[in-house]
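Subject: Structure for your files

Hello,

Please find the structure below. My notes on its side-chain contacts come after it.

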Amino acid sequence: MQEITWNDFEKVDLRVGTIIEVFEFPEARRPAYKVKVDFGEFGIKTSSAQITTHYSLTELVGKQIIGVINFPKKQIGKFMSEFLVTGFADEQGSIVLSTVERPVPNGSKLI
């Protein structure tokens with residue numbers, strides 16, 4: 001593991017946002033959804049997420065998640081991803097979303 005400095009960590013802009021819409025993403029190479037997330041003052045951003053194993057489309061709407069919002073946009077097929085959805089791999093390698101324990105304002109920074 002490579003150590004980083006506090007300044008390195010501060011460069012990663014981790015923010016909370018609320019999922020407002022979720023769509024199937026059949027063109028993705030691996031099963032994924034397209035998510036639209038409200039990051040408060042940082043706006044509404046879209047991304048793809050390989051979270052189909054543990055989450056249905058309907059249960060994701062309204063869930064607060066943690067995303068990296070200062071990566072460059074990334075083209076995924078015909079879709080432009082505007083942030084990175086964060087999560088952890090379970091024992092089978094399926095993604096479990098990073099969330100918050102209690103509701104906080106959209107756009108709040110992880111500190």
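The notes cover salt bridges and then an aromatic pair.

This is a predicted model, in which local features need pLDDT of at least 70 and side-chain atom pairs count only at pLDDT 80 or more, while totals for chains, interfaces and linings use all residues. Residues are numbered from 1 along each chain as its sequence is written, and side-chain values use heavy atoms, with hydrogens and water left out.

Salt bridges (a side-chain nitrogen of Lys or Arg within 4 Å of a carboxyl oxygen of Asp or Glu) come to six. One of them pairs R15 with D13, with 2.6 Å between the closest N and O atoms. D13 also forms a salt bridge with K109, at 3.3 Å. D13 lies in the loop between α1 and β1 (14-24) and K109 in the segment after β9 (95-97), so this pair ties together parts that are 96 residues apart in sequence. R15 is buried at 14% relative accessible area (buried is under 20%, exposed over 50%, partly exposed in between, with a 1.4 Å probe and protein chains only). D13 is buried too, at 14%, and K109 is partly exposed at 35%. Through shared partners, D13, R15 and K109 join into one network.

Three aromatic pairs turn up in the whole structure (ring centres of Phe, Tyr or six-membered Trp rings within 6.5 Å; planes under 30 degrees apart are stacked, over 60 edge-to-face, the rest tilted). Among them, W6 and F9 have ring centres 5.3 Å apart and planes at 45°, so the pair is tilted. W6 is exposed at 56%, and F9 is partly exposed at 29%.

Regards

Note on methods. Helices (H or I, at least four residues) and strands (E, at least two) are DSSP runs, numbered from the N terminus.
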